[in-house]
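Visitor: I'm new to this one. Can you walk me through it?

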Amino acid sequence: MTPGDVIKFAKKHEVKMVDLKFLDMPGLWQHFTVPVSNLDEDLFEDGLGFDGSSIRGWKEIHQSDMLVIPDPSTAKIDPFHGNSTLSLICDIYDPVTREPYERDPRNIARKAEAYVKSSGIGDTIYVGPEAEFFIFDDVRFDQSAQGGFYQVDSVEGRWNTGRDEKPNLGYKPRYKEGYFPVSPTDSLGDVRAEMSMVLEELGYHVECHHHEVATAGQCEIDLKFMPLLYMADALQWFKYVCKNVAKRHNKTVTFMPKPLYGDNGSGMHTHMSIWKDGENLFAGDGYAGLSETALYFIGGVLKHARSVCAFTNPTTNSYKRLVPGYEAPVNLAYSSRNRSAAIRIPMYSSSPKSKRIEFRTADPSCNGYLGFAALLMAGLDGIENKIDPGKPLDKDIYGLSPAELREIPGVPASLDQALRDLEANHEFLLRGDVFTADVIHNWIDWKMANEVDPVRLRPTPFEFSLYYDI
């Protein structure tokens, strides 16, 4: 849409309010809303001023004035407001220089796409994330100087088989057996269907939805792949829709990677391919039907994966999922079918159009703009420097000897470690000014000060069970 098209669209839908959405650094949508009388073509040129000093990871208070400028191509009717509300995703600009703000995640994703084109490697980057999530019936948590707890609950939770539910019908997925059961064991089909229909109404193609492996409402809804920037926008809508539809049903959604002990966590397997002039550059006659370009891309991702994890697995909770010896893809290797490898090449179709790599380590706490851009830049470094990915890992990892396992590098064991890896290795992200040194160091400093150190400082309930009587 052009600005003029957006104005016509608003009149057609009798819009009363305009919701301006933008993203903080960790990846949560922020917004403010203005009456439709403010909607004119100047808005798309001049933008609106706001205070950026309270946005996480952004400006200091002495340089807090910022501009939001709506992207007309993102216009949609928000499905959750009572009044007819036009939603616009915005880009952030510095009001003095009139340049895109370097810490705006959307700007970083746009620069990543531009870098691919300027390099001559390709013209389109397709991305398809599979963001898993939990639907709970209740969540409670608190933390103070002398105490802390969390409690989640779900009517599906296997721990509730003995609860008096007047009556308890017993259809609760066993631990690690939640994958694909029909109703009544899968009690959330209608909720996921409603989420899927809202996403379709917003213009996104839903491929399928299903229950996931864990008990207690773990779910997945898959969107058809899209170009990188649009898919990052779609991921924001995806999270927004899932949370708000769940709220309609008096339920709550979390994209926290590991909310349950002893069962599967939520990943975000991320599919990616590079195209040029309508041809998939990842299709070829090499291993698993891949091209040399795709194998070099894999080489780059494996080389830089530990740094990339600082963006694709950006929470302390992410590393409760990434634990060796379990099902999570912690091994920095690639394979055509081995799901315990960090990179898998899906083999569902022999069509050249379907050839892609699947980075399985990522999780849905990820800010898609930053995570997709970092993954892309790592792969591009592999292509530009012809990085050999080595031999594929087609063995059963769980059958390998300890000596063989030691030969396979792994992902970081903690967010702290991932941030240190990023600090030591981030030159590949600076190419084309996609990420800047300011963005990298601000990300590291903010994560350390606001997440790593606060978690370090607080005792956990389990530590009391381990150590209280020492």
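Guide: What follows covers helix packing, a pocket and some backbone details.

Visitor: What kind of model is it, and how are residues numbered?

Guide: This is a predicted model, in which local features need pLDDT of at least 70, side-chain atom pairs count only at pLDDT 80 or more, and totals for chains, interfaces and linings use all residues. Residues are numbered from 1 along each chain as its sequence is written, and side-chain values use heavy atoms, with hydrogens and water left out.

Visitor: Ok, helices. At what angle do H3 and H8 pack?

Guide: About 20°, with the axes of helix H3 (residues 105–119) and helix H8 (residues 368–384) 8 Å apart. That makes H3 roughly parallel to H8. Angles under 35 degrees count as roughly parallel, over 145 as roughly antiparallel, 65 to 115 as roughly perpendicular and the rest as oblique. Axes are lines fitted to C-alpha atoms, for helices over the stretch in contact, and angles run from 0 to 180 degrees between N-to-C directions. Helices (H or I, at least four residues) and strands (E, at least two) are DSSP runs, numbered from the N terminus.

Visitor: Which residues in H3 and H8 meet?

Guide: On the H3 side they include Ile 108, Ala 112 and Tyr 115, and on the H8 side they include Leu 370, Ala 373 and Leu 376. Contact means heavy atoms within 4.5 Å. By class, the contact of H3 with H8 has 12 nonpolar, one polar and two charged residues. Ala, Val, Leu, Ile, Met, Phe, Trp, Tyr, Cys and Pro count as nonpolar, Asp, Glu, Lys and Arg as charged, and the others, Gly among them, as polar.

Visitor: And how do H3 and H5 pack?

Guide: H3 and helix H5 (residues 228–248) pack at about 155°, with axes 9 Å apart. That makes H3 roughly antiparallel to H5. Arg 106, Ala 109, Arg 110 and Glu 113 in H3 meet Leu 228, Leu 229 and Asp 233 in H5. The residues of this contact divide into three nonpolar, no polar and four charged.

Visitor: What about H4 and H5?

Guide: Their axes come within 9 Å and cross at roughly 135°. H4 and H5 are therefore oblique to each other. Among the residues that make the contact are Met 195 and Val 198 of H4, and Trp 237 and Phe 238 of H5. The contact of H4 with H5 has 10 nonpolar, no polar and two charged residues.

Visitor: New topic. What lines the second largest pocket?

Guide: There are 19 lining residues, of which Leu 332, Ala 333, Lys 391, Leu 393 and Ile 408 lie nearest the centre of the pocket. Helix H6 (292–312) and strand S16 (331–335) are the elements that give two or more residues to the lining. By class, the lining has 11 nonpolar, two polar and six charged residues. On a 1 Å grid over the protein atoms alone, a pocket is an open set of points where a 1.4 Å probe fits, with protein on both sides within 12 Å along at least five of seven lines, and lining residues have an atom within 4 Å of a point.

Visitor: Last one: where are the cis peptide bonds?

Guide: One joins Lys 166 and Pro 167, with omega about 0°. Another runs from Ser 183 to Pro 184, with omega near 10°. Pro 167 is in the loop between strand S9 (147–153) and helix H4 (189–201), and Pro 184 lies in the loop between S9 and H4.
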